[in-house]
Amino acid sequence: MHFLIYGAGALGQAIGCMLAADGHKVDLVLRPRFVEALQTTGLRVTGIFGDHGVPPGQIGLFTGIRGRSGRDYEAILLTTKTYDTDKAISDIAALHECYCPVVSLQNGCGNLEKLAERLGRERSLAGRVITGFEIERPGVVRITVSADAIHVGGCVRGTIPAAAKRLADALSHAGLPSIAVADIYQSLFAKLLYNCALNPLGALLGVPYGALGESAETRMLMDQVIEETFAVINAMGGTTPWPDAASYGRVFYGQLIPATSNHRASMLQDLDHNKPTEVEAMVGYVAAQGRKFGVPTPCCDFLAALVRFKEQQMRQPT
Ligand SMILES: NC(=O)C1=CN([C@@H]2O[C@H](COP(=O)(O)OP(=O)(O)OC[C@H]3O[C@@H](n4cnc5c(N)ncnc54)[C@H](OP(=O)(O)O)[C@@H]3O)[C@@H](O)[C@H]2O)C=CC1
Ligand SMILES: CC(C)(CO)C(=O)C(=O)O
């Protein structure tokens with residue numbers, strides 16, 4: 001297949017490298033700071049899914065897509081942070097002669113809805129990724145942890161689009177276990193529960209996920225976040241694979257935290273790098289939906305406020 005990966009950082013470069021190493025044609029839209037390294041050394045992926053690499057010149061490197069044609073692409077993968085989603089979708093929507101599916105692989109909720117609003121439900125897909133990717137240095141991405149296969153699905157609940165199946169098969173064949181699912185919203189809500197419980201606390205306290213699961217203090221807070229998020233998902237008419245918050249809690253503490261216990265939240269890594277966080281797509285999203293549906297979310301409000309404070313501090317001139 002021929003892929004365009006828009007916003008290629010840790011996740012986009014790793015997926016691009018693995019797909020290209022498996023014989024696919026890949027173009028990356030990425031920042032200039034990566035281009036020289038990738039032109040000189042090529043791209044390599046290391047870590048829990050083995051070593052994969054492509055030599056310089058095998059992947060197309062672009063710092064923008066304005067004026068390009070979308071005619072040849074069979075899928076576009078959207079891998080920017082969520083605060084860049086609007087700009088990314090505007091760019092993709094303006095791509096001349098582009099009719100292929102566009103798949104958001106981003107964290108949080110709301111991205112698929114934005115895609116569907118702009119590009120239509122037929123072309124809009126999402127993936128739920130619960131695997132950790134970190135740029136070790138320009139040209140090398142390490143896959144650190146994984147709690148489950150990637151899920152790919154479309155906008156219409158109950159059906160698996162052919163494009164979702166094709167992408168899941170391509171990713172699996174390239175070395176990233178993936179499945180196509182009939183209800184991607186359920187997978188995204190499940191990931192929302194995980195991210196809302198772990199990301200803000202991991203970022204504010206500066207500890208890996210395992211430490212949050214070990215302390216009674218942080219477990220109490222995470223239980224509260226999970227209760228609130230569950231209530232909001234229910235109020236939105238969404239479902240998760242679990243009947244109630246307590247059932248999810250058993251999987252969260254028993255399986256998901258142990259599988260990713262050494263991981264430092266992406267939100268913590270963002271603050272460490274003086275970058276904005278994805279708070280508005282996680283606890284900020286739950287708080288906003290809670291207000292819309294009349295569901296109180298005091299703990300999510302509180303955590304969102306603290307993360308926003310940290311972001312504001314970061315933006316202050318020193
Ligand atoms: N990394 C991970 O382990 C996982 C990430 N995800 C999700 O995937 C998404 C991407 O994460 P991740 O790869 O870590 O993030 P990164 O910040 O590493 O990658 C995003 C990249 O997109 C670049 N970018 C943004 N806008 C443009 C543009 N218009 N043109 C070119 N480049 C652009 C950013 O540049 P700049 O930095 O200069 O803004 C950045 O390099 C997030 O939603 C994240 O939550 C999900 C699961 C796992
Ligand atoms: C563990 C990981 C990388 C899984 O996607 C994550 O959710 C995050 O740090 O935000």
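Reader: What makes Arg66 and Asp91 a salt bridge?

Author: The term means a side-chain nitrogen of Lys or Arg within 4 Å of a carboxyl oxygen of Asp or Glu. The closest N and O atoms of Arg66 and Asp91 are 3.0 Å apart, so the pair meets the definition. Arg66 sits in the loop between β5 (60–62) and β6 (75–78), Asp91 in helix α3 (residues 85–93), and the two are 25 residues apart. Helices (H or I, at least four residues) and strands (E, at least two) are DSSP runs, numbered from the N terminus.

Reader: What are these values based on?

Author: This is a predicted model, in which local features need pLDDT of at least 70 and side-chain atom pairs count only at pLDDT 80 or more, while totals for chains, interfaces and linings use all residues. Side-chain values use heavy atoms, without hydrogens and water; residues are numbered from 1 along each chain as its sequence is written, and chains are lettered from A and ligands numbered from 1 in the order in which they are written.

Reader: Why does Arg66 count as exposed?

Author: Buried means under 20% relative accessible area, exposed over 50%, and partly exposed in between (1.4 Å probe, protein chains only). Arg66 has 67% relative accessibility, so it counts as exposed.

Reader: Why is Asp183 called buried, and which residue does Asp183 pair with?

Author: Asp183 is called buried because its relative accessible area is 18%. Asp183 forms a salt bridge with Arg157, the closest N and O atoms being 3.5 Å apart. Arg157 lies in the loop between β11 (150–154) and α5 (162–174) and Asp183 in the loop between β12 (178–180) and α6 (184–205), so the bridge ties together parts 26 residues apart in sequence. Arg157, at 47%, is partly exposed.

Reader: How many salt bridges does the structure hold?

Author: The structure holds 12. One of them joins Arg264 and Asp272, with the closest N and O atoms 2.7 Å apart. Arg264, at 35%, is partly exposed, and Asp272, at 46%, also counts as partly exposed.
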